[in-house]
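Hello,

Here is the structure I promised to hand over. Please look through it before you read my notes.

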Amino acid sequence: MEIICNQNELNNAIQLVSRAVASRPTHPILANILLTADQGTNKISLTGFDLNLGIQTSFDGTVENSGAITIPSKLLSEIVNKLPYETPVSINVEENSDNILIKSDRGSFNLIGIPSDDYPNLPFVESGTSLNIDPSSFLKALKTTIFASSNDDSKQLLTGVNFTFKKNYLESASTDGHRLAVALIGNEEHLENNNSLTSNEDDLSVTIPTRSLREIEKLVSLNSSENSIKLFYDKGQVVFISSNQIITTRTLEGKYPNYSQLLPDTFSKIFNFNTKKLIDALERIAVLADQQSSVVKIKLDNTDLASISADAQDIGNANELIPVSYSGENFDIAFNVRYLLEGLKVIASENVLLKCNLATTPAVFVPEDNLNSFTYLVMPVQVRS
């Protein structure tokens, strides 16, 4: 194999695929990046695959001789990253040899690779379900729910985001057992008339691990100007394909919890806050709340001001008043301040509604201007009065 390419393009490709290289490989070759070159197309492809997540990207170069080799990811990344920016880089591998020669105008490096024959193939979906997805819609669905997924590996299905691809819109949901985020992305008119979260046999529903979604988010962001990205699903495997990149990931197997049952049908109390003012006040109060329990109390009475407070024993306390629209009896409720902030920050609406019944039952935050587009359920914290 003999190729010549641009240092910056090669470096960007290495940084992208190295995120799918195993940090603790079960086999030495899984610590390597697969480099392939095609003389017919002058395409250079790099692949990283840890048997769960796979990333492949390709770019144009000069391919004098086709071939393939696997190169230690960490070494290759450090070498190419330190080569002069935008300069030509040549990589040569002699036939029937594992010796890799990397040359730039400043010098050369000799590395020992592993033959590509033993590198596992990326699992490409040949049958099953195929969809064209809108990059911007998918990104919005991902970003507005991924934060609520669980970090606890023992919770398995909850460590990912569930996506349901419906005829007129995309529904995404995540929960860690303490909160639930649900986004409906699609035609505005359709969403306004959609009051129930349902699915049928024709909907494709998959749960994708959060770790894989972080990488998928980057791929989709890079290709957000494209009209669509291909999605293939079959037998627990999802593949995303854009013009020059492929990401493949295993799905989390099992039936995702029926989260629609968690959402109360009616609410006896509805409070209307300015979203930015509520976020700003919570961030200030969080300085004290984070010192101990991360709990903030929201006290509402029949006035146009709500009291937000936090007590940190032996340290101090904080209190702030912010405008609220509410008419009804006095009401106190408490939350984990981090849960509130993470959910509120993905709400783009100028005003947000807090809906609840009791201080001990689930509370729901929704954007005022599009009630069905996003629902954020949070379990209150019970505190002693």
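Predicted model: local features only at pLDDT ≥ 70, side-chain atom pairs only at ≥ 80, totals over all residues.

Residues are numbered from 1 along each chain as its sequence is written, and side-chain values use heavy atoms, with hydrogens and water left out.

An unreviewed UniProt entry puts "domain: DNA polymerase III beta sliding clamp N-terminal" at residues 1-123. UniProt annotations may be inferred rather than shown by experiment. The end C-alpha atoms of that span lie 25 Å apart. Helices (at least four residues) and strands (at least two) are DSSP runs, numbered from the N terminus.

**Aromatic pairs.** Rings of Phe, Tyr and Trp (its six-membered ring) pair if their centres lie within 6.5 Å; planes under 30 degrees apart are stacked, over 60 edge-to-face, the rest tilted. The count is 9 aromatic pairs.

Phe-138 and Phe-163 are stacked, at 4.9 Å centre to centre and 25 degrees between the planes. Phe-138 sits in helix H3 and Phe-163 in strand E11, 25 residues apart. Phe-138 counts as buried (under 20% relative accessible area), because its value is 1%. Phe-163 is buried too, at 0%.

Phe-271 and Tyr-326 are tilted: 4.2 Å and 45 degrees. Phe-271 lies in strand E18, Tyr-326 in the loop between strands E21 and E22. Phe-271 is buried at 0%, and Tyr-326 is buried at 11%.

Finally, ring pairs join Phe-138, Phe-163, Phe-165 and Phe-240 into a cluster.

Best wishes

Notes: Buried < 20%, exposed > 50% of the residue type's maximum accessible area, 1.4 Å probe, protein only.
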